[in-house]
Amino acid sequence: MNINERLPPSGSEALVDYGHGEFRVVRPGAFVRCAITGAVIRLEDLRYWSVEWQEAYTSPEAVLLRVRRSGRS
């Protein structure tokens, strides 16, 4: 295993409150799920989310897909 490969998270899914520029863990856990793909996102790898929709995303592409689905593109 190299530095870019990680084991899947063990533990439960966290409940997170997504704010502007930061998030707050409401219920402890190891990960959240992408609202678009359902993929597991470790909390330490979480970079993309929506404050308005209170959702996490795996990538900028997932964010764009969510915006398009909402009709705001």
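This is a predicted model: local features need pLDDT of at least 70, side-chain atom pairs count only at pLDDT 80 or more; totals for chains, interfaces and linings use all residues.
Residues are numbered from 1 along each chain as its sequence is written, and side-chain values use heavy atoms, with hydrogens and water left out.

View 1. Helices (H or I, at least four residues) and strands (E, at least two) are DSSP runs, numbered from the N terminus. Along the sequence these elements follow the pattern β-β-β-β-β-β-α. Of the 73 residues, 26% count as buried, where buried means under 20% relative accessible area, exposed over 50%, and partly exposed in between (1.4 Å probe, protein chains only).

**View 2. The hairpin of β1 and β2.** Strand β1 (residues 15-18) pairs with strand β2 (residues 23-27) in the antiparallel sense over 4 bridges; two strands pair if DSSP finds at least two bridges between them. Tyr18 has Phe23 in β2 as its bridge partner. Between the two strands there are 4 residues, and Gly21 in the turn has a positive phi of about 85°.

**View 3. Cys34 and the nonpolar core.** Cys34 counts as buried because its relative accessible area is 4%. Leaving out residues up to four places away in sequence, Cys34 touches Ala39, Ile41, Ala56, Tyr57, Thr58 and Ala62, a contact being heavy atoms within 4.5 Å. The largest nonpolar core has 12 residues in all, among them Cys34, Val16, Tyr18, Ile41 and Tyr57; the elements that give two or more residues to this core are β1 and β6 (55-57). Such a core is a set of buried Ala, Val, Leu, Ile, Met, Phe, Trp, Tyr and Cys residues joined through side-chain atoms within 4.5 Å. In soluble globular proteins, nonpolar side chains tend to be buried together.

View 4. With neighbours within four places in sequence left aside, Tyr57 is in contact with residues including Cys34, Ile36, Tyr48, Ala62 and Arg66.
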